[in-house]
Amino acid sequence: MDHKSQPRLYTRGFDDNVTVLKAKLKETTLLLEVLANVNSLITQTKTFEGFCAQVVKILKEQLHFKYIYIWIRDEKNPAMLRLVTPETEEAYRTMEIRQGIVGKAMRENRTIAVPDVTQDPDYLSRNPLTKSELCVPLISDGNAIGAVNIESEVYQDFQHMLPLMGIIAENLSH
């Protein structure tokens, strides 16, 4: 029996690293696909609201999240946030910046990932199916002008999403 026909033995470490590398490659490929699709919208979309709606559509399709919202600080009343991507006509459309995870992320100019919303006193229950939430502020000239908010029906920490959502938020901020 020659060397090529022998069964390959599991090599601890090497095979584990290959599995990890394959997972990272898949994640990076998805990141690049999403970014390419979002960047292509910049020249195609005429309004900010239209751009936001298309970004949400891409994120939902490619990341498989059902609940993604983009909030913007109201120009006439900076203490209020305006939802620019409502799910339905009946959806809540405004919120005070002092409320919720979205408001907290904007007030503190930082991304907030909440693995279990029931454990966070800032969480506003709008959807009884939400288990986890990720909120990434849109920052322009050092000030939060809005936020991208993702709500998940499963418990998760969103760590794999942070690089992608940071870049998406940066694109939306300009």
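This is a predicted model: local features need pLDDT of at least 70, side-chain atom pairs count only at pLDDT 80 or more; totals for chains, interfaces and linings use all residues.

Colleague: Okay. How many salt bridges are there in the whole structure?

Modeller: A search turns up 5 salt bridges. One of them joins the side chains of Lys104 and Asp122, at 3.1 Å from N to O. Lys104 belongs to helix 3, while Asp122 is in the loop between strand 4 (112–114) and strand 5, 18 residues apart, and the pair links distant parts of the chain.

Colleague: Is Asp122 buried, exposed or partly exposed? And what about Lys104, buried or exposed?

Modeller: Asp122 has 25% relative accessibility, so it counts as partly exposed. Lys104 comes out at 17%, so that one counts as buried.

Colleague: Which residue does Glu49 pair with?

Modeller: Glu49 makes a salt bridge with Arg82, and their closest N and O atoms are 3.4 Å apart. Glu49 sits in helix 2 and Arg82 in strand 2 (residues 80–83), so this pair ties together parts 33 residues apart in sequence. Both ends are partly exposed: Glu49 has a relative accessible area of 33%, and Arg82 is at 30%.

Colleague: Give me one more. What distance do you get for Glu96 and Arg98?

Modeller: Their side chains meet in a salt bridge at 2.6 Å, N to O. Glu96 is partly exposed, with 28% relative accessible area, whereas Arg98 is exposed at 59%.

Colleague: Let's switch to the inside. Which residues touch the most other members of the largest nonpolar core?

Modeller: Those are Ile70, Met165, Ile168 and Leu172, in a core of 29 residues. At least two residues each come from helix 1 (14–44), helix 2 (48–63), strand 1 (67–73), strand 5 (132–140), strand 6 (143–152) and helix 4 (162–173). Helix 2 contributes the most, with 7 residues.

Colleague: Why would those side chains gather there?

Modeller: In soluble globular proteins, nonpolar side chains tend to be buried together.

Colleague: Pick Leu172, then. Which residues is it in contact with, beyond its neighbours within four places in sequence?

Modeller: Leu172 contacts Phe48, Phe51, Cys52, Val55, Ile70, Leu138 and Val148. There's also another core lying apart from that one, made of 18 residues, among them Tyr67, Ala105, Ile112 and Cys135.

Colleague: How many of the lining residues are nonpolar, and how many polar or charged?

Modeller: The lining of the largest cavity splits into 7 nonpolar, 2 polar and 3 charged residues.

Colleague: Now the backbone. What is phi for Asn109?

Modeller: Near 50°, which is a positive value in a residue other than glycine. Asn109 lies in the loop between helix 3 and strand 4, and is partly exposed with a relative accessible area of 29%.

Colleague: Why point that out?

Modeller: Most residues other than glycine have a negative phi. Asp141 also has a positive value, near 55°. Asp141 lies in the loop between strand 5 and strand 6, and at 79% relative accessibility counts as exposed.

Colleague: Great, thanks. That's what I was after.

Notes: Residues are numbered from 1 along each chain as its sequence is written. Side-chain values use heavy atoms; hydrogens and water are left out. A nonpolar core is a set of buried Ala, Val, Leu, Ile, Met, Phe, Trp, Tyr and Cys residues joined through side-chain atoms within 4.5 Å. Buried means under 20% relative accessible area, exposed over 50%, partly exposed in between (1.4 Å probe, protein chains only). Helices (H or I, at least four residues) and strands (E, at least two) are DSSP runs, numbered from the N terminus. Contact means heavy atoms within 4.5 Å. Ala, Val, Leu, Ile, Met, Phe, Trp, Tyr, Cys and Pro count as nonpolar, Asp, Glu, Lys and Arg as charged, and the others, Gly among them, as polar. A salt bridge is a side-chain nitrogen of Lys or Arg within 4 Å of a carboxyl oxygen of Asp or Glu.
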